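I opened this structure for the first time today. These are my notes, in the order in which I looked things up.

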Amino acid sequence: MEVRHRLKITHRARQFRISRVAFELAAFALTPLLFPGSASAQQPRYTGPGSCSSASCHGAVQPRSDNSVLQNEYTTWAVQDKHSRAFSALTGDPGKRMAHNLNINAATSSRCIGCHTLDVPDDQKARTFDINDGVSCENCHGAASNWLGPHTANDGSYAKSVALGLYDTRDLIRRNEKCLSCHLGDDAKSVDHEMIAAGHPDLYFEIESFSAVMPPHWKEAGASDASAVAKGLAVGQAVQLREWMRRIGRDAAQIWPQYADLDCFACHHSLTAAKDSWRQERGYAGRKAGSPPFNASRFAVLDLIAKQLDGAAARRLDVEVAKVNQLVSDPQADRRQISAAAGQAAATADTLARDLAAMNPDSAVSAGLINAICADSERIAAQGERSAEQAGMVINSLFIGYEQGKRPMNDAKIRTAIGDLYKQFENPSSYNPEAFARSLRDLGALAGGL
Ligand code: HEC
Ligand code: HEC
Ligand code: HEC
Ligand code: HEC
């Protein structure tokens, strides 16, 4: 079988806006005075994207340049963002086939609608709510009824809206938690191997690449340099490892083994003559020959990021994640031990995420990370296709950030080399680590001068 790589390479740079933090903190302090009732605000209700779509609010056709908010967010979402079509995906042909294989009605099944639309209790739906809107504004920004009125007032600052229930997507950790609740799953929703075998795409994520493809309907706060992208991406990787470890902990307590937590291509690859097998050549360090390793992609690149920015956390995670991998690939392992080990690694990843969110790496960090990943080509390549794919996405995002500040002389060559990395994910079942390691080394030779 073949699982195709879906995310196309992108060279879309993010837009940045001047921070208004000082002003907003002041406004935040005033909130209780301005909205005395806000602490005991009413049960919030979901009003639907229509309430944001007026041309003078978020429904402009062209972005506004004279404001920190673009004001064409609705248009971007409705026209370019796949989230607006997430509900109809359930009833399109691939959705229908899945529903048939799983013997469910996808448009009503609790196994699907938590991620493909806004699934909230009826008493929280305003009259304007419509399930067909798919993943819309309030999935990510929270129920609008309490802040909708105040935030359209002239002094409607961001902090004031957050105090009234707007979900704080500016906070990097919370932003990633939000995306990952659907792009990796949480305690209420998940994509397991049964759903994948029925036809669901396998889930993978990298915050900067996915934000670029979404595409973003916002300007990022702060300076427009490589360091902001490096920081966003580093925090994203740490939150992702944390959520991944939590997921393994949950699955071990519920349905185990959960094939979707393992390396897909450990099982789904085509066999070759023994002499041509890179798996036999590589060997099975840390596990028995033929046992399934876990999906290492959510640590393979983060390991290097942590080594560069937070050595102590990196050393602890090296030990703790290896322990999880060893237990997961041992069919005899005690499931409670798996959950405990995963819980430990999740806690360390959480500390790392918070440390990274408090750092302001200088712009040299991006170039340093690109080079560190290229220099570690053999190890990353050997961890499998999904790890290689994370490395590809991370390098692409870092380079886009870097270019914004300083365009290297060999810019075009570097882009072509990054494109060559992406070509290796076109048919994951026949992924070849030697070829990938070679591509990474070639890129490293070009990126050495960054
Ligand atoms: C944990 C969240 C989650 C659950 C639960 C979930 N999905 Fe998805 N689904 C996603 C995400 C995220 C994507 C996009 C994946 C990507 O492109 O990386 C997706 C993609 C899809 C696609 C492909 C859409 C396209 O445009 O190609 C179909 C079809 C689909 N899901 C159907 C279903 C059905 C049917 C169910 C229930 C059996 C379901 N999904 C349950 C998160 C979920
Ligand atoms: C899939 C998640 C998602 C959906 C759906 C979504 N947004 Fe956003 N939105 C974000 C993220 C992430 C940011 C960037 C962080 C930030 O600056 O707040 C953002 C930023 C914004 C901002 C800038 C806020 C600021 O910080 O000043 C506005 C305005 C906005 N979104 C409006 C909308 C509207 C209107 C819709 C629906 C038409 C919508 N969003 C749908 C995730 C989403
Ligand atoms: C409520 C669940 C949910 C949340 C939250 C969410 N997504 Fe999604 N996302 C989906 C689903 C479902 C799809 C598949 C839509 C389709 O193709 O029909 C999707 C698709 C995407 C795609 C298109 C992928 C492709 O293969 O083209 C991108 C990019 C994406 N999401 C980015 C993000 C980012 C970035 C965030 C956080 C800011 C986020 N998503 C938050 C559910 C969610
Ligand atoms: C431990 C081995 C194992 C792992 C790991 C595993 N699978 Fe499977 N997979 C299977 C088996 C067994 C089947 C059933 C094949 C059949 O019915 O012919 C299957 C079926 C499938 C199918 C449907 C068959 C087809 O040809 O379309 C898909 C798609 C699939 N898996 C994708 C994945 C993905 C993606 C992952 C990783 C997230 C994964 N699998 C991890 C063993 C595995």
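The entries below go from the whole chain to its domains, its ligands and a few helices.

**Ground rules**

I am working with a predicted model, in which local features need pLDDT of at least 70, side-chain atom pairs count only at pLDDT 80 or more, and totals for chains, interfaces and linings use all residues. Residues are numbered from 1 along each chain as its sequence is written, while chains are lettered from A and ligands numbered from 1 in the order in which they are written.

**Whole chain**

I started with the secondary structure. The chain has 23 helices and 2 strands. Helices (H or I, at least four residues) and strands (E, at least two) are DSSP runs, numbered from the N terminus.

Next I looked up the radius of gyration, which is taken over C-alpha atoms. For the chain it is 23 Å, close to the 22 Å that the globule rule gives for 450 residues, so the chain is as compact as a globular protein of that length. The rule is 2.2 Å times the number of residues to the power 0.38. Along its principal axes the C-alpha trace spans about 70 × 55 × 40 Å.

I then checked burial. A residue is buried if 20 or more other C-beta atoms lie within 10 Å of its own, exposed if 12 or fewer, and partly exposed in between, with C-beta atoms placed from the backbone. Of the 450 residues in the chain, 39% are buried.

Contacts came next. Two residues are in contact if their C-beta atoms, placed from the backbone, lie within 7 Å. I took contacts between residues at least 6 apart in sequence, and 77% of them join residues at least 24 apart.

**Two domains**

The domain assignment gives domain 1 (18-203) and domain 2 (222-447). Such bounds come from an automatic or database assignment. The centres of the two domains, taken over C-alpha atoms, are 29 Å apart.

Where do they touch? I found 14 residues of domain 1 in contact with 17 residues of domain 2. On the domain 1 side, helix H9 (172-183) and helix H10 (193-198) each supply at least two residues. H9 gives the most, with 5 residues. That side divides into 6 nonpolar, 4 polar and 4 charged residues. Here Ala, Val, Leu, Ile, Met, Phe, Trp, Tyr, Cys and Pro count as nonpolar, Asp, Glu, Lys and Arg as charged, and the others, Gly among them, as polar.

I counted a residue as near a ligand if its C-beta atom, placed from the backbone, lies within 6 Å of it.

Ligand 1 has 26 residues around it, and the closest are Ala89, Pro94, Ala106, Cys112 and Cys115. Helix H4 (93-102) gives the most to this shell, with 5 residues. By class, I noted 14 nonpolar, 8 polar and 4 charged residues.

Ligand 2 is surrounded by 20 residues, with Cys52, His58, Cys137, Cys140 and Trp218 the closest. Helix H2 (73-80) and helix H6 (137-141) each supply at least two residues of the shell. H6 gives the most, with 4 residues.

Ligand 3 has 22 residues around it, of which Ala86, Ala89, Cys179, Cys182 and Val213 come nearest. H9 gives the most to this shell, with 6 residues. The shell divides into 11 nonpolar, 6 polar and 5 charged residues.

Is helix H16 mostly covered or mostly open? I found 6 of its 8 residues (302-309) buried. They are Leu302, Asp303, Leu304, Ile305, Ala306 and Leu309. These buried residues pack against helices H12 (226-253), H15 (297-300), H17 (311-328), H18 (335-357) and H19 (364-375).

I checked the length of H17. Its 18 residues should span 26 Å at 1.5 Å a residue, and its end C-alpha atoms are 26 Å apart, which agrees. The expected span is 1.5 Å times one less than the number of residues. The buried residues of H17 include Ala313, Leu317 and Glu320. Its buried residues pack against H12, H15, H16 and H18.

**One loop residue**

My last entry is Ala333, in the loop between H17 and H18. It counts as partly exposed because it has 16 C-beta neighbours inside 10 Å. Not counting residues up to four places away in sequence, Ala333 touches Leu327 and Ile338.
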